[in-house]
Amino acid sequence: MEPNSINKSRLFPLKTILFLSFVLSVLWMASAFRNRNELSGDSDKKNKTAKDSIESVKAFMKVYKVLMSPRCMNCHPAGDAPLQGDDNHVHTMNVVRGPNGTGMYAAKCSNCHQPTNTPGLHTPPGNPKWQLPPANMKMVFQGKSPRQLALQIMNYNLNGHRNKAQLLEHSKDTLVKAAWNMGEGRTPPPMSYTAFVSVWNEWINKGGFAPKQ
């Protein structure tokens, strides 16, 4: 065998090793760069989630003040009788929820609560949908802590089977909006309807997080 042939046969494996080493180096650097970006992305995502959770809880605490006002809580009692007045006393006339939330027997909600407010001081407020939540989905507000109420509202099996989009839309329901137009002599919720919808949407859109307590 000629000397040149021997030298070429010895150099070929060396070139192959160097080439493979270069390829592996490139692949390693690409992988490290990708992992770094993924870690950075995960960190950014965690930071955004943490920020959203704080802002979401702040928004809910404003929502909570409205939901615990007499205009909302009177129709979301712990028992089966609706509440009345700014002092949340039990409804007179022996009114009870009934299976559909519309009252029982002759004491139907619609007997007194007409499609519109009855004129006069402390007369029955009206709305075509006037009723309590049904017996199988009571949606109790009374006595609930901020955490308990937030978790209940975001629970599909407890909130009337509403998904996120439906919860957002629910704030526009005419019966919800009626809380700001209950007739003469009743204290309205502690913020405007427009402001309520804004914080309601912010709470849900930023994760629907529940306060710690």
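Which residue just after H7 takes a positive phi? Just after H7, Gly-207 has a positive phi of about 120°. This is a predicted model, in which local features need pLDDT of at least 70, side-chain atom pairs count only at pLDDT 80 or more, and totals for chains, interfaces and linings use all residues. Residues are numbered from 1 along each chain as its sequence is written, and side-chain values use heavy atoms, with hydrogens and water left out.

**Helix H7**
- Helices are DSSP runs (H or I, at least four residues), numbered from the N terminus.
- The 13 residues of H7 should span 18 Å at 1.5 Å a residue, and its end C-alpha atoms are 18 Å apart, which agrees; the expected span is 1.5 Å times one less than the number of residues.
- Among the buried residues of H7 are Tyr-193, Val-197 and Val-199, where buried means under 20% relative accessible area (1.4 Å probe, protein chains only).

**The nonpolar core**
- A nonpolar core is a set of buried Ala, Val, Leu, Ile, Met, Phe, Trp, Tyr and Cys residues joined through side-chain atoms within 4.5 Å.
- The largest such core has 30 residues, of which Phe-60, Leu-67, Ile-153, Phe-196, Trp-200 and Trp-203 touch the most other members.
- H7 gives the most to this core, with seven residues.
- Leu-67 is in contact (heavy atoms within 4.5 Å) with Cys-72, Met-73, Phe-141, Leu-149, Ile-153 and Phe-196, not counting residues up to four places away in sequence.

Methods: Helices (H or I, at least four residues) and strands (E, at least two) are DSSP runs, numbered from the N terminus. Buried means under 20% relative accessible area, exposed over 50%, partly exposed in between (1.4 Å probe, protein chains only).
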